Structures are given as C-alpha cells and as structure tokens.
Amino acid sequence: MGFYNLLADRTRCMSRSAIREILKVASQPGMLSLAGGVPAPGSFPLELIDELFGIVIRKYADQAFQYGLTEGFAPLRQALVKHLIHRGIEVSEENLLVTTGSQSVLDAVGKILISRGEVVGVESPTYLGALQAFAPYEPLYASIPCDEGGVIPEALEQLLRHQVIKFIYLVPTFQNPTGRTLSLDRRRSIAALIKHYGALLVEDDPYSDLRYEGVSVPSIKSLAPDNVVYIGSLSKVFAPGLRIGYCAAPEPILNWLTLVKQGVDLHTSTFNQALAAEYLEGGHLQHHLPRILDLYRPRQVAMLKALSRCMPAGIRWSHPEGGMFVWVEGSETTRFDMVYQNAIRRHVAFVPGHFFFAEPGTGMNTMRLNFTMVTEEEIDKAVRILGHLLRTQDPGAYDLELRLVERQQNASCTGAEVF
Ligand SMILES: Cc1ncc(COP(=O)(O)O)c(C=O)c1O
C-alpha cells in the first residue's frame, strides 16, 4: 500500500530537495566537493564545547535537562539581546524567540502567513531551503529582479505598487546562493519602501558574521524594525548540529510564531540553549570567530584566484566579501546541468544554479560553488577541472586535456598553456 491517497494536499506539495541528492553524490570518497553548504568541521570549537558541557551541567543542572519555555532559555535570550545590539538591532527579550535552527522559522513563517495562491516576493535566485519550507503552504512567487548588488529597489517598488505581496523574503548579506550583499543605500531604499507600503520583510541573516574583508552593513531590521521579521542562527559561528536559531519579530507575529513552535516541538533543546548562552555570555564568540574567518578567508581567496586563472572568457562570478559561496554565470547557452554530469565523472561536484530559482527552467547557465569544506589545494584542482570542462563540452576531448593538465599540475591553466 503506497498510502499516497492518504496524503493531505499540502504534503503533495513537498518534494525531496534535489540538493540533498547532489550532496549524497558529492560526499562519495574521492569527490572534490564544492557542492556543500555547510561549515567545515575544523571550524567547531571542540575543546571549548567540552569545557562548556561541564559548565552547563554544574551551572544549570536543574534546568538544562528539564522542559523549558517555548520562547527560549532565559539566559540565552538575554545573551542574544546583547548580541543583536552589536548588529544595531534593539530588541527586548520579549521580542525574541529561540528556535530549532533558523530553518524552523521559515516553516513557521509560511504556516502563519501563507494561504494557498498568495504571493511571496523572493530574490532571484533565492535560498532553496526557504522555497522548500514555504512549498507546503502553496504560495505563488514573485521573483524580484536582482543584479550583482542584489535586489534592485526600483524593481521591488514596482512589485509592491502593482501586486498584493504577503511578505518579502531576503537574505541581504552574503546571500545563499550568490554571496551577494545589499549595499547600505539599497537597504535604506528597501527599508523606506516597506515602511511606505506597510509591507512585511523576512530578513534571513545566518552569514553576516562571516566577513573576510570590508565593513559590515546594518541589517534592514535596524532600519525598519516594525516591518521586519529578523532571523538569525548560531549554525555558522558555533555548531550547526546544536540547532540554535532565533528570530526577532513585531509582537503579534512573534506571538503566532511562538504558538506554532509550541505545537511543533514545545521548545528547543534546553541543554543546547544553555551551551549557546555560555558561548555568547562567556565572550567565546568574539574569541573564536577570528579563527573561523582565518580558516575560510584563504579558501575564498583561493577560489577567486582559481576562477580568474581557469575560467574561459564569457564566464562571470560574484566577488563576495564573506559567507560561504561564489556564484558563477555563463553565457546564455552554458548548461551547468550538463557540465555537472561531466564534472561528477571527473570527481568534482557543485550545485547547478537552476535549483535556486522559483521559476522552473530559469538559471540553467548558473552554478553555486562552496569554498568552506575544501582546502585551497582542492579548490585549485576542482576549479581547474571545471574550467577545462567549460572549455570543451566534448568529453573525449576533455579526457586528453585532463591527462595534459595532470602532467602540468603546477602550471597555470590558461587555455593557451594547456592546449
Ligand atoms: C539562507 C539560509 N537560511 C537558513 C539556513 C538554515 O540554517 P540553520 O537552520 O542551521 O540555522 C541556511 C542554511 O544553510 C541558509 O543558508
């Protein structure tokens, strides 16, 4: 019995993430994977976590293993209030909800706001996990035109003027998948627009601490506090397996999000929240973050350098100042789904970019590259292979080329030198 006939309408709208399938392939032994979107295990402060375990057990013995408040463990909420002040976001504990990863907020937002057929405004491309979280609530999407600087405010204004938009979902800093960051000017314009049109913006911000160069930019939440649901996460700066996320939202929205959470999981693991509270309150984030940045910065530099050396003419890529991704765009005729098949045969994995677009069939000439999970040498080798694959769509010609490349491991890889 397939049970398919028992499924609710919303369940039929759920689909397995294609990226999960790609990640399965990417994790096979010997694969050079630029596909993942996860922090490097070397970024986890393991000795510190060991120490914090002891502290939490001694300090919070009674509470850490007990049921807790849905809103979150009080010491963590207090620590998050201070953490957010550093980002220019002024909220009180009452405006904060601790969540099981930031992903769960996306589902809760969908649950409380989206009825079938209502329109959600998204970047083009956008975070696939958000599309997946919203899918069961059956929204329609309005893709907001973007350029290298992210969402174009004038395009957003057109949308807000002509369409009823339930909410806008943005990842304004080091976006997944493009790595793009909205400038302060654009943030101000977007803040002014949402205030003017009385619109609600969901600002998803898991990456802003991962800045390798340049100066930080204020969140949109800090510019339009009453119109923004701000979502944060400790996944990229502590440990994603602990599943600590949070959100700061206008009061009525926060109350509904809290009600949803109560029905889903009562509360986030108290023990993990206590670890996170100690991590923040003990000043460990400030101490540990530079180590994470020192791990990722050279990887990002290596990726950008390798792209400059190895990509053929006509291929462009983003130059993010932080985060975990670089976004690559080919000409209109480049088909990264085809390149992907050939790349896997050469033991290189990436994510074809079309998965990140709300409209099927869009973005076939794009790919997302991750640089946090691979060493500089691996990045160099993988990008070199991708460059050669892009130069020739003929796999036979590629085999000959690959043998030449392997013989010239130390050579620079402009087309002229390889052929
Ligand atoms: C933009 C964005 N939002 C949310 C998440 C979910 O993060 P978590 O649930 O670990 O906090 C991710 C994960 O990579 C992400 O890239």
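**Exercise 1.** Is Asp 265 buried, partly exposed or exposed, and what is its relative accessible area? Determine also the salt-bridge partner of Asp 265.

*Solution.* The model is a predicted one.
Step 1. Asp 265 has a relative accessible area of 27% and is partly exposed.
Step 2. Asp 265 forms a salt bridge with Lys 261, and the closest N and O atoms are 3.0 Å apart.
Step 3. Lys 261, with a relative accessibility of 7%, is buried.
Step 4. Both residues belong to helix α10 (residues 251-265); because they are four residues apart, about one helical turn separates them.

**Exercise 2.** Locate the elements joined by the salt bridge between Glu 281 and Lys 82, and state the exposure of each partner.

*Solution.* 
Step 1. In this salt bridge between Glu 281 and Lys 82, the closest N and O atoms are 3.0 Å apart.
Step 2. Glu 281 is in helix α11 (residues 270-281) and Lys 82 in helix α4 (residues 74-85); the pair is 199 residues apart and links distant parts of the chain.
Step 3. Glu 281 is partly exposed at 44% relative accessible area, and Lys 82 is partly exposed at 46%.

**Exercise 3.** Which helices are linked by the pair Asp 380 and Arg 309?

*Solution.* 
Step 1. The two side chains form a salt bridge, with an N to O distance of 2.2 Å.
Step 2. Asp 380 lies in helix α14 (residues 376-391) and Arg 309 in helix α12 (residues 284-310), 71 residues apart.
Step 3. Elsewhere, salt bridges with shared partners join Glu 148, Arg 180, Arg 316 and Glu 329 into one network.

**Exercise 4.** Explain why Glu 203 is not assigned a salt bridge with Arg 187.

*Solution.* 
Step 1. Glu 203, in strand β8 (residues 201-204), is buried.
Step 2. Arg 187 is the nearest side chain of opposite charge, 4.2 Å away.
Step 3. A polar atom of the Glu 203 side chain does lie 2.9 Å from the backbone nitrogen of Ile 220.

**Exercise 5.** Which polar side-chain atoms lie by oxygen atoms of the ligand, and at what distances?

*Solution.* 
Step 1. Ser 235 places a side-chain N or O atom 2.6 Å from a ligand oxygen atom.
Step 2. The corresponding distance is 2.7 Å for Arg 243 and 2.9 Å for Asn 176.
Step 3. The protein covers 92% of the 400 Å² of accessible area that the ligand has on its own.

Note on methods: Residues are numbered from 1 along each chain as its sequence is written. This is a predicted model: local features need pLDDT of at least 70, side-chain atom pairs count only at pLDDT 80 or more; totals for chains, interfaces and linings use all residues. Side-chain values use heavy atoms; hydrogens and water are left out. Helices (H or I, at least four residues) and strands (E, at least two) are DSSP runs, numbered from the N terminus. Buried means under 20% relative accessible area, exposed over 50%, partly exposed in between (1.4 Å probe, protein chains only). Lys and Arg count as positive and Asp and Glu as negative; His and the chain ends are not counted. A salt bridge is a side-chain nitrogen of Lys or Arg within 4 Å of a carboxyl oxygen of Asp or Glu. A polar contact is a pair of N or O atoms within 3.5 Å; within protein, one must be able to donate a hydrogen and the other to accept it, and residues adjacent in sequence count only if both atoms are side-chain atoms. Accessible areas come from the Shrake-Rupley method with a 1.4 Å probe; for residues, only the protein chains shown count as cover.
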